[in-house]
Amino acid sequence: MSQTPHTAAKPPATPWGLVLLLGSLTAFAPMSIDMYLSALPAIGQSLHASSEQTQQTVSAFLFGMAIGQLLYGPASDRFGRRLPILVGIVVYVAASIWCASATSIEGLQVARFIQALGGCAGAVVARAVVRDQFDHTETARVLSLLTLVMGVAPIVAPLLGSWVLAFAGWRAIFWVLAFFGLCCGLAVLLRLRESRSEETAAQARAENPLKAFAILLREKRLVGYALAGALNGAVLFTYISSSSDLVINIYGFSPQAFGWLFGLNAVGVIGASQVNRMLLRRMNPDQVLARASLFAVGFGVLLLAAAATRLGGFWTVLPMLFACLASYGLMAGNTMAGALSVDPRRAGSISALMGGLSFGAGALASWIGGLLHDGVSALPMAAVMLVCLLGSTAALYLLALPKKAAAQSS
């Protein structure tokens with residue numbers, strides 16, 4: 001008379017202190033990207049740079065996030081969770097100060113790359129800390145809570161960035177980011193206990209990081225979860241890179257209205273992540289993934305149709321866009337939990353692989369969206385998003401999901 005985990009009587013109490021701390025660590029990327037988007041024109045004017053050169057500071061950050069996670073994950077398995085986070089935060093704070101003091105666009109690009117190398121430590125190790133302390137289903141629930149905390153950043157960061165820009169200039173934005181990093185570092189130093197198991201440490205000492213990645217990439221289910229999460233996340237990155245031009249230049253909204261629309265979509269992601277928590281009381285993460293991925297594809301098709309026909313203008317495109325982005329709240333935590341359950345002994349390396357692939361896919365998708373950009377419609381963005389959503393669903397059904405979970409979705 002055994003019960004499956006998702007039908008157990010009552011989930012354990014939520015560790016809100018840990019959730020807030022780890023959520024703050026995962027917010028380095030959205031804070032560092034979203035807070036300075038409104039300052040890009042001012043940065044270009046101040047450093048005598050073209051819009052293309054200033055846009056490359058975003059690409060440099062994404063590239064740094066993709067590479068850095070591959071370093072911190074194995075390091076956290078070998079040396080423990082706390083030390084890599086603290087080292088990364090020191091690098092982040094120093095690079096933020098460098099950004100604030102940059103005198104050329106080339107110097108800012110390099111500083112942004114190094115800033116990302118430091119900032120990614122928080123996100124990759126935070127996910128490993130969660131897996132250290134919770135089982136598969138509870139990991140998915142806690143990761144959904146991290147999305148709730150992290151999701152505040154895309155709402156607050158653009159507004160905070162515009163206020164700082166108006167009152168103190170673009171350099172002050174990076175001083176604020178340095179202060180944010182310093183506060184997180186002090187919280188880790190004082191509040192985060194070491195959670196890496198001795199089994200994980202022994203496993204990490206017995207193999208080099210490249211061997212660990214090679215072993216993990218032979219796991220079909222892990223590759224499926226990683227591709228599904230990365231390609232769904234690429235939808236979000238494509239939106240981030242295209243949103244200001246679409247909303248302001250094509251649809252004619254003011255920069256202030258853009259900030260509110262940006263925040264509204266972030267609320268959608270947060271809301272979906274909390275719907276995911278409720279669904280996990282009745283279903284396991286794989287069952288949620290099986291259904292959510294199909295719904296995401298459906299809204300992706302509707303978004304493409306609205307963008308292609310231009311019927312209703314932004315009144316049809318923006319709601320479909322909202323729905324596509326909200327799917328991230330249902331997919332991200334569950335794909336991460338599924339991947340981490342494949343080999344808990346290599347939680348740090350798995351987290352690194354997932355994060356690196358996510359930012360790599362996001363950078364590639366946003367670059368393709370930029371190449372296809374026509375300046376008059378949402379069609380290129382919608383096409384890239386639909387391809388990503390189709391790829392995400394295919395990876396789930398062909399590689400990751402047990403046949404039972406996939407069959408139950410139909």
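Guide: Let's start with a pair of helices: H15 and H17 are roughly parallel to each other. Please keep in mind that this is a predicted model.

Visitor: How are two packed helices described?

Guide: Two packed helices are described by the angle between their axes and by the distance between those axes. Here H15 covers residues 314-342 and H17 covers residues 379-400. Their axes come within 12 Å and cross at roughly 30°. An angle under 35 degrees counts as roughly parallel, and therefore H15 and H17 get that label.

Visitor: Is the crossing of H15 and H17 left-handed or right-handed?

Guide: H15 passes H17 in a left-handed crossing.

Visitor: And which residues of H15 and H17 meet?

Guide: On the H15 side you will find Leu321, Cys324, Ser327 and Met331. They meet Met381, Met385, Leu389, Ser392 and Leu396 of H17. Sorted by class, this contact has 7 nonpolar residues, 2 polar ones and no charged ones.

Visitor: Let me try another pair. At what angle do H6 and H16 pack?

Guide: H6 and H16, the latter spanning residues 347-372, pack at an angle of about 135°, and their axes are 8 Å apart. That makes H6 oblique to H16. The crossing of these two helices is right-handed. H6 brings Ala123, Val124, Arg127, Ala128 and Arg131 to the contact, while H16 brings Ala347, Gly348, Ser351, Ala352 and Gly355. By class, the contact of H6 with H16 has 5 nonpolar, 3 polar and 2 charged residues.

Visitor: Now to the interior. Where do nonpolar side chains tend to be in soluble globular proteins?

Guide: In such proteins, they tend to be buried together. In this model, the largest nonpolar core has 123 residues, and Leu22 and Leu25 touch the most other members. H15 gives the largest share of this core, 14 residues. As for Leu22, if you set aside residues up to four places away in sequence, Leu22 touches Ala126, Val129, Val130, Leu146 and Leu192.

Visitor: Is Gln109 buried or exposed?

Guide: Buried means under 20% relative accessible area. Gln109 has 18%, so Gln109 is buried. This residue sits in H6, which runs over residues 105-133. Its contacts, leaving aside neighbours within four places in sequence, are Gln53, Gln56, Thr57 and Ala60.

Visitor: What about Thr103, buried or exposed?

Guide: Exposed means over 50%, and Thr103 is exposed because its relative accessible area is 72%. You can find Thr103 in the loop between H5 (82-101) and H6. Its C-alpha atom is 9.9 Å from that of His48, although these two residues are 55 apart in sequence.

Visitor: How does Val275 count, then?

Guide: Val275 has 36% relative accessibility, so Val275 counts as partly exposed. Val275 lies in H13, made up of residues 255-279. Along the chain, Val275 and Leu330 are 55 residues apart, yet their C-alpha atoms are separated by 7.7 Å.

Visitor: Could we step back to the whole protein? How many helices and strands are there?

Guide: The protein has 18 helices and 0 strands. Of its 410 residues, 56% are buried.

Visitor: And how many of the contacts join residues at least 24 apart?

Guide: Consider contacts between residues at least 6 apart in sequence: 84% of them join residues at least 24 apart.

Notes: Residues numbered from 1 in each chain as written. Predicted model: local features only at pLDDT ≥ 70, side-chain atom pairs only at ≥ 80, totals over all residues. Heavy atoms only, no water. Axes fitted to C-alpha atoms, helices over the stretch in contact; angles between N-to-C directions. Helix = DSSP H or I, 4+ residues; strand = E, 2+ residues; numbered from the N terminus. Parallel < 35°, antiparallel > 145°, perpendicular 65-115°, else oblique. Left-handed = near helix turned anticlockwise from the far one by under 90°. Contact = heavy atoms within 4.5 Å. Nonpolar A, V, L, I, M, F, W, Y, C, P; charged D, E, K, R; others polar. Core = buried A, V, L, I, M, F, W, Y, C linked by side-chain atoms within 4.5 Å. Buried < 20%, exposed > 50% of the residue type's maximum accessible area, 1.4 Å probe, protein only.
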